[in-house]
Amino acid sequence: MKIKLNPCRVHVLNMHDALKRTGGYCPCVANPTEDDKCMCKEFTDKLNDPDFEGWCHCKLYYKEK
């Protein structure tokens, strides 16, 4: 398993700025909870699935098999 950052530098910088503004919470979620703190629970749960390959909700991280 390998977790990679989005190769688009502009997207990564924009997401890092947004995460700073939100205190580390996913900027894509309207009413964030502790589960939405980056790296969000939705994505970390998927990391345990050996068949999952794909992006986190914000497309900041990508999990390869």
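Predicted model: local features only at pLDDT ≥ 70, side-chain atom pairs only at ≥ 80, totals over all residues.
Aspartate 45 is partly exposed, at 42% relative accessible area, and its side chain forms a salt bridge with lysine 41, with the closest N and O atoms 2.9 Å apart.

- Aspartate 45 and lysine 41 are four residues apart in helix α2 (residues 41–47), so about one helical turn separates them.
- Lysine 41 is partly exposed, with a relative accessible area of 39%.
- Lysine 46 and glutamate 42 also meet in a salt bridge, at 3.6 Å from N to O.
- Those two residues, lysine 46 and glutamate 42, are again four apart in helix α2, about one helical turn.
- Lysine 46 has a relative accessible area of 29% and glutamate 42 has 43%, so each counts as partly exposed.

- Glutamate 64 pairs with lysine 4, the closest N and O atoms being 3.0 Å apart.
- Because glutamate 64 sits in strand β3 (residues 61–64) and lysine 4 in strand β1 (residues 2–5), the pair ties together parts 60 residues apart in sequence.
- Glutamate 64 is partly exposed at 24%, and lysine 4 is partly exposed at 37%.

**Aromatic pairs**
- Phenylalanine 43 and phenylalanine 52 have ring centres 6.3 Å apart and planes at 80 degrees, so they pair edge-to-face.
- Phenylalanine 43 is buried at 1% relative accessible area, and phenylalanine 52 is buried at 16%.
- Tryptophan 55 and tyrosine 62 are edge-to-face because their planes stand at 70 degrees, with ring centres 4.9 Å apart.
- Tryptophan 55 is partly exposed at 32%, as is tyrosine 62 at 21%.

Technical notes:
Residues numbered from 1 in each chain as written. Heavy atoms only, no water. Phe/Tyr/Trp six-rings, centres within 6.5 Å; stacked < 30°, edge-to-face > 60°. Buried < 20%, exposed > 50% of the residue type's maximum accessible area, 1.4 Å probe, protein only. Salt bridge = Lys/Arg side-chain N within 4 Å of Asp/Glu carboxyl O.
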